Amino acid sequence: MIPIRYAKRTITDKEQIDQFLSQAKTGHLGMTNGIEPYIIPLNFCWLAGKLYFHGADSGRKIEMIQANNRVCFSVCEEYGTIADPVPAHVDTAYMSVLLSGTIERVQEPEEMREAMQAMLDKYVPGYFSEPLPLQHVLKYRSSMGSATAVFRITPDTISAKGNLAGEEKKFYHGRKVEQDV
């Protein structure tokens, strides 16, 4: 793992990192084929220490993964601006996680269903009254005719950092420097 340069912002609490990855909405998958990088935003779920997402079973992403199964995945959530009477101390409240590891297509149908169910539970909690049927996962085709592929990233490094200022320091419209001096 490469240490975070601004060490005081390092987050090492595994439970905090797990909770963040379970709730954050969008991540960015970084890949390279040895010639060029390719980064795409994705919905994802964090399940049992692994990251899952789904997508078409063909296209540029698949070609990149086949060329090189080493990937990185970045997740960042911004929580507002931190106000400070010293202009150079105005900052951003955030948390971010960067993981790197190997990616592979999930082949086991029950693991595919479990990952897809976890994504439904995350993005539309309580919307469906019944669990996702295994047959839906196996037979679904997109409007372009492609099967759904489920991918698993097994991380070998995870780093996290953040600046989680309290509400009393956050900027809001109408807040003036005179209130803070």
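**Salt bridges and strand pairing in a predicted model**

Glu104, Glu111 and Arg152 are linked in a network of salt bridges. A salt bridge is a side-chain nitrogen of Lys or Arg within 4 Å of a carboxyl oxygen of Asp or Glu. The structure is a predicted model, in which local features need pLDDT of at least 70, side-chain atom pairs count only at pLDDT 80 or more, and totals for chains, interfaces and linings use all residues. Residues are numbered from 1 along each chain as its sequence is written, and side-chain values use heavy atoms, with hydrogens and water left out.

The structure holds nine salt bridges. One of them joins arginine 152 to glutamate 111, with the closest N and O atoms 2.4 Å apart. Arginine 152 lies in strand β8 and glutamate 111 in helix α3, so this pair ties together parts that are 41 residues apart in sequence. Helices (H or I, at least four residues) and strands (E, at least two) are DSSP runs, numbered from the N terminus. Arginine 152 is buried, at 12% relative accessibility. Glutamate 111 is partly exposed, with a relative accessible area of 22%. Here buried means under 20% relative accessible area, exposed means over 50%, and partly exposed lies in between (1.4 Å probe, protein chains only).

Helix α3 (residues 109–123) also contains arginine 113 and glutamate 110. These two form a salt bridge, and their closest N and O atoms are 3.0 Å apart. They are three residues apart, so about one helical turn separates them. Arginine 113 is buried, with a relative accessible area of 18%. Glutamate 110 is partly exposed, at 37% relative accessibility.

A further salt bridge connects arginine 70 with aspartate 156, where the closest N and O atoms are 2.6 Å apart. This pair links distant parts of the chain. Arginine 70 is in strand β6 (residues 70–82), aspartate 156 is in strand β8 (residues 148–163), and 86 residues separate them. Both partners are partly exposed: arginine 70 has a relative accessible area of 36%, and aspartate 156 has 48% relative accessibility.

Strand β6 also takes part in strand pairing. Two strands pair if DSSP finds at least two bridges between them. Four bridges join strand β2 (residues 27–32) to β6, and the two run antiparallel. Leucine 29 stands opposite phenylalanine 73 in β6. Twelve bridges join β6 to strand β7 (residues 91–105), again in an antiparallel arrangement. Cysteine 72 has serine 100 in β7 as its bridge partner.

Arginine 9 is found in the segment before β1 (10–11). Arginine 9 is buried, with a relative accessible area of 13%. Its side chain makes a polar contact with the side chain of aspartate 91, at 2.5 Å. A polar contact is a pair of N or O atoms within 3.5 Å; within protein, one must be able to donate a hydrogen and the other to accept it, and residues adjacent in sequence count only if both atoms are side-chain atoms. Not counting residues up to four places away in sequence, arginine 9 touches Asp91, Tyr94, Ala160, Lys161, Gly162 and Asn163. Contact means heavy atoms within 4.5 Å.

Alanine 48 sits in the loop between β4 (45–47) and β5 (50–56). Alanine 48 has a positive phi of about 55 degrees, although it is not a glycine. Most residues other than glycine have a negative phi. Alanine 48 is exposed, at 77% relative accessibility.
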